[in-house]
Amino acid sequence: MKNAVLLLGVVFALSLLGYAKSDGSWLKRVSESDRQRTNPFAGDREAAAAGRNLFLNNCAKCHGENATGKGSRPSLRSERLQRATDGEIAWILKNGNPYKGMPSWGGLPELERWQIVAYIRSLNATSAEPHP
Amino acid sequence: MSHSIFFVRRSLFALILLATPLSSLLAQQEPPYFVTYSSVMEEPGNLEIENQNIAAAPKNTNAFFAPTVEFEYGATAWWTAEAYLQGQATANDSAVFTGFRFENRFRPLPREYWVNPVLYVEYENHNEADKSFLEITDHDVITDQQVSNAELRKEIERSIEGKLILSSNAKGWNFSENIIAEKPVNGPDPWEFGYALAAAHPLALKGSSQRCTFCRQNFAAGGELFGGLGTRQSFGLRGTEQYFGPTVAFNMPGGVTVKFSPEFGLNDNSAGVLWRFGVSYEIEQFRDWFRRTK
């Protein structure tokens, strides 16, 4: 019985780790080749508008409809993301950061992930949301 | 037989009626599988409620309808917990509650690879009247269902089940393979084995700039192959049920997903067709309901 309680405690503590706020340490894990990848939709307003729809369907539940964050889940209108390359944003979307609470979105088609990158980039470039 | 077909049709019709008024927004990356698991986990804090149903009118056996209600919670980004409640209604017999299951899935690796493993552990407590077909192991065959519910419900099976889930994503495709091992813990039965394989692809690889309900991106199609692999003493396909079928899912804008699949029996041990229909609704950030700061 004691072992079961101990196990539950460990599992609970580990789950709290999952809620820890992202600190940007994931950037160190991005390889140079991934960092240098360019967005095939860079500067494409229609792709950014499609990315906004995808963002609302998949990301807004944690990051908020305006990408300003929710509770401990970070804002995507941040200086860190302004500095990040398209390749770095695409990397975190594909791989996630599961021990910091960010799930992998590798199951989304790659082009849809790049559309989301275009939307996030548009947020940080102009602080204004694109309109379809 | 005509009564059986009527029973199946009536069940499907009732489900479609139930599903139609619903509309909401699901994680669009989840493949349209009924039996096979992929590496997609529930998003942390979200609660998905799914009603998964199966209807069949096997030859020489009474038609049946078996609903399962599933609660899937994203405890963290690498840990998903689920609970199931199961029941069934059999034509010319009765309707019975058949049992429950608790399962946990763990994604051990911290990033995406060519093959993404997920570890699955489940505890099942159900009687032999269970007709949910959530997985097939052992030498289970469809003629086992010829016995009345009154008799079948007397036999309780408690078991621990493990799965190794392997899943890959490439060019919009998802390929998933599950290897299943189950050990009854309330009897001397040996380890039982099964498998499930699946592949799926969304109908569009790019999102639309318009908000739309019937965009191709909201549909995914694929196929599933699954069946038993016998036991530790008699491993193999001989004397097992095997099924294959196409599967399709529609992610409605707003949170509801509807899935459908006819699964065709591949040998004489299997039912001719298992008709599956599922509706799921995702409650976003369910855990925020219990937090002061949202």
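Residues are numbered from 1 along each chain as its sequence is written, and chains are lettered from A, ligands numbered from 1, in the order in which they are written. In this predicted model, local features need pLDDT of at least 70, side-chain atom pairs count only at pLDDT 80 or more, and totals for chains, interfaces and linings use all residues.

**Exercise 1.** Describe the makeup of chain A.

Start with the elements. Helices (H or I, at least four residues) and strands (E, at least two) are DSSP runs, numbered from the N terminus. Chain A has 7 helices and 0 strands. Its order from the N terminus is α-α-α-α-α-α-α.
Next, take burial. A residue is buried if 20 or more other C-beta atoms, placed from the backbone, lie within 10 Å of its own. Of the 132 residues in chain A, 43% are buried.

**Exercise 2.** Find the strands that pair with β1(B).

Two strands pair if DSSP finds at least two bridges between them. Strand β1 of chain B covers residues 47-56.
Take β2(B), residues 64-76: 10 antiparallel bridges link it to β1(B). One pair is Leu47(B) with Tyr73(B).
Now take β12(B), residues 273-283: 9 bridges join it to β1(B), again antiparallel. Here Ile49(B) faces Tyr281(B).

Note on methods
Buried ≥ 20, exposed ≤ 12 C-beta atoms within 10 Å, placed from the backbone.
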